[in-house]
Amino acid sequence: ALVEEIKGAEWATECVKATRIAIQSQPNAVQGHLYLGICKSLLAKHQPSESQKLSKAAMQHARKAVQLDPSYDDGAPNRLLGALLIYAPPWPTSVGDLDEGLEILETLTKTFPKSPVNFFLLAEGYRKAELTLDALRQYKRVLSFPPHGTWRHDGPAYRKQARQALRNLKGRP
């Protein structure tokens, strides 16, 4: 696990460098801001002492990506924004806001109903908000998506997490 931590931090640091170059090259392209936000949020997980600063920067880039093209890659800019809001600790510690995150993710699933990752994140938000029945419903929905396109490759890890979450939530009110 320590090797994964070290490699994850190295990868996120390299990613930050590469995406900064992309933004310098094309400042109004959604991809640079989106991926810089993703990379900074990953780096925040690996550098707890810097996590508040990195999470704030990730949030700024997520919001910029939403401003540039909210529909890119089935709503990836709002997906990042929603994920940051539901997973990050709330103010004053960090940038998290569970209510705002749920609002964004609920809208995202309506706008992009064929994107299983959007439903997974919504399920995660409901779980964190202790809305057990809503979480169960969304995790089951994630499991119902057939393995087509990128979901063929990305899906197994999400399905495994969804199945585990369903087991953990069964029997809760």
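Biologist: Where does Ser-115 lie?

Modeller: Ser-115 lies in the loop between H5 and H6. Helices here are DSSP runs of H or I with at least four residues, and strands are runs of E with at least two, numbered from the N terminus. This is a predicted model, in which local features need pLDDT of at least 70 and side-chain atom pairs count only at pLDDT 80 or more, while totals for chains, interfaces and linings use all residues. Residues are numbered from 1 along each chain as its sequence is written, and side-chain values use heavy atoms, with hydrogens and water left out.

Biologist: Is Ser-115 buried or exposed?

Modeller: Buried means under 20% relative accessible area, exposed means over 50%, and partly exposed is in between, with a 1.4 Å probe and protein chains only. Ser-115 has 6% relative accessibility, so this residue counts as buried. A contact means heavy atoms within 4.5 Å. Leaving aside neighbours within four places in sequence, Ser-115 is in contact with Asp-74, Arg-79 and Phe-145.

Biologist: What is the phi of Asp-74?

Modeller: Asp-74 has a positive phi of about 55 degrees, although it is not a glycine. Asp-73 also has a positive phi, near 50 degrees. Asp-73 is found in helix H4, and Asp-74 is found in helix H4. Asp-73 is partly exposed, with a relative accessible area of 44%, and Asp-74 counts as partly exposed at 38%.

Biologist: Which peptide bond is cis?

Modeller: The cis peptide bond joins Trp-91 and Pro-92, with omega at about 10 degrees. Pro-92 has its place in the loop between H4 and H5.

Biologist: How is the length of a helix judged, and how far does H6 reach?

Modeller: The expected span of a helix is 1.5 Å times one less than its number of residues. Helix H6, residues 116-128, has 13 residues and reaches 19 Å from its first C-alpha to its last, close to the 18 Å expected.

Biologist: Why is H6 described as largely enclosed?

Modeller: H6 is largely enclosed by the rest of the structure because 11 of its 13 residues are buried. Among them are Phe-119, Phe-120, Leu-121 and Leu-122. The buried residues of H6 pack against helices H4 (72-87), H5 (98-111), H7 (132-144) and H8 (151-169). Just after H6, Glu-130 takes a positive phi of about 60 degrees.

Biologist: What volume does the largest pocket have?

Modeller: Rolling a probe the size of a water molecule over the atoms shows where empty space is left. On a 1 Å grid over the protein atoms alone, a pocket is an open set of points where a 1.4 Å probe fits, with protein on both sides within 12 Å along at least five of seven lines; lining residues have an atom within 4 Å of a point. The largest pocket has a volume of about 1100 Å³. Of the 38 residues that line this pocket, the closest to its centre are Arg-79, Leu-80, Ala-83, Leu-121 and Tyr-158. Helices H1, H2, H3, H4, H6 and H8 each give two or more residues to the lining.

Biologist: Which cysteines form a disulfide?

Modeller: A disulfide is a pair of cysteine sulfur atoms within 2.5 Å. Cys-15 and Cys-39 form one, with their sulfur atoms 1.5 Å apart. The pair links distant parts of the chain, Cys-15 in helix H1 and Cys-39 in helix H2, 24 residues apart. Both Cys-15 and Cys-39 are buried.

Notes:
Points joined across faces, edges and corners; volume = space filled by probe spheres on them.
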